[in-house]
Amino acid sequence: MATKHPLPTTFLSNAPTTDEEPTSFASANKDPKWRGAMSEEFNALLRNGTWQLVPNHPSMNLVGNKWVYRIKRHSDGTISRYKARLVAKGFLQREGIDYFDTFSPVVKPTTIRIVLSIAVS
């Protein structure tokens, strides 16, 4: 039976696919597709000035990082691209010692209320 929106082939088969997301850097580094994705992510971080190296102080915690890998797929289940993210393990940091500023890319409800009240008035 044909449907308008068929399930991706990855859901239809119980057999493991050859394109699985790696769980470690060592396994991802063996595949040129994942190396390209990691290179693309690292170059984007450098280009955007996302981070900067600072001298280490004995009272500071070093921030580790981890690569997270995802396969992005089209609606029909075919592979769109390989995505690698370099994420910081910031849960060991202490405010005022390891960092001073925080950034939250979400809009706060107070800001929305102020903008709406200005627009209404």
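This is a predicted model: local features need pLDDT of at least 70, side-chain atom pairs count only at pLDDT 80 or more; totals for chains, interfaces and linings use all residues.

Tutor: Residues are numbered from 1 along each chain as its sequence is written, and side-chain values use heavy atoms, with hydrogens and water left out.

Student: How many helices and strands does the protein have?
Tutor: There are four helices and two strands, and from the N terminus on they run α-α-α-β-β-α. The elements are DSSP runs numbered from the N terminus: helices are H or I with at least four residues, strands are E with at least two.

Student: Why is Ala37 called buried?
Tutor: Buried means under 20% relative accessible area, exposed means over 50%, and partly exposed is in between (1.4 Å probe, protein chains only). Ala37 has a relative accessible area of 5%, so it is buried. Across the protein, 14% of the 121 residues count as buried.

Student: What makes Phe91 buried or exposed?
Tutor: Its relative accessible area is 66%, so Phe91 is exposed. Phe91 lies in the loop between S2 and helix H4 (109-120). Its C-alpha atom is separated by 8.7 Å from that of Val63, 28 residues apart along the chain.

Student: How do you know that Glu21 forms a salt bridge with Arg70?
Tutor: The term asks for a side-chain nitrogen of Lys or Arg within 4 Å of a carboxyl oxygen of Asp or Glu. For Glu21 and Arg70 the closest N and O atoms are 3.4 Å apart, and the pair forms a salt bridge. Glu21 is in the loop between helix H1 (9-12) and helix H2 (25-28) while Arg70 is in strand S1, so the pair ties together parts that are 49 residues apart in sequence. Glu21, at 34% relative accessibility, counts as partly exposed, and so does Arg70 at 44%.

Student: How many salt bridges does the structure hold?
Tutor: It holds two. Glu40 forms a salt bridge with Arg81, with the closest N and O atoms 3.6 Å apart. This pair links distant parts of the chain, Glu40 in helix H3 and Arg81 in strand S2, 41 residues apart. With a relative accessible area of 37%, Arg81 is partly exposed.

Student: Which residues form a nonpolar patch on the surface?
Tutor: Phe42, Leu46, Trp51 and Leu53 do, with about 440 Å² of accessible area together. Patches take residues with over 30% relative accessible area and no salt bridge; nonpolar side chains (Val, Leu, Ile, Met, Phe, Trp, Tyr) are joined within 5 Å, like charges within 9 Å. Areas come from the Shrake-Rupley method with a 1.4 Å probe, and for residues only the protein chains shown count as cover. Phe42 lies in helix H3 and counts as partly exposed at 35% relative accessibility.

Student: Which element gives the most to the lining of the largest pocket?
Tutor: S2 does, with four residues.
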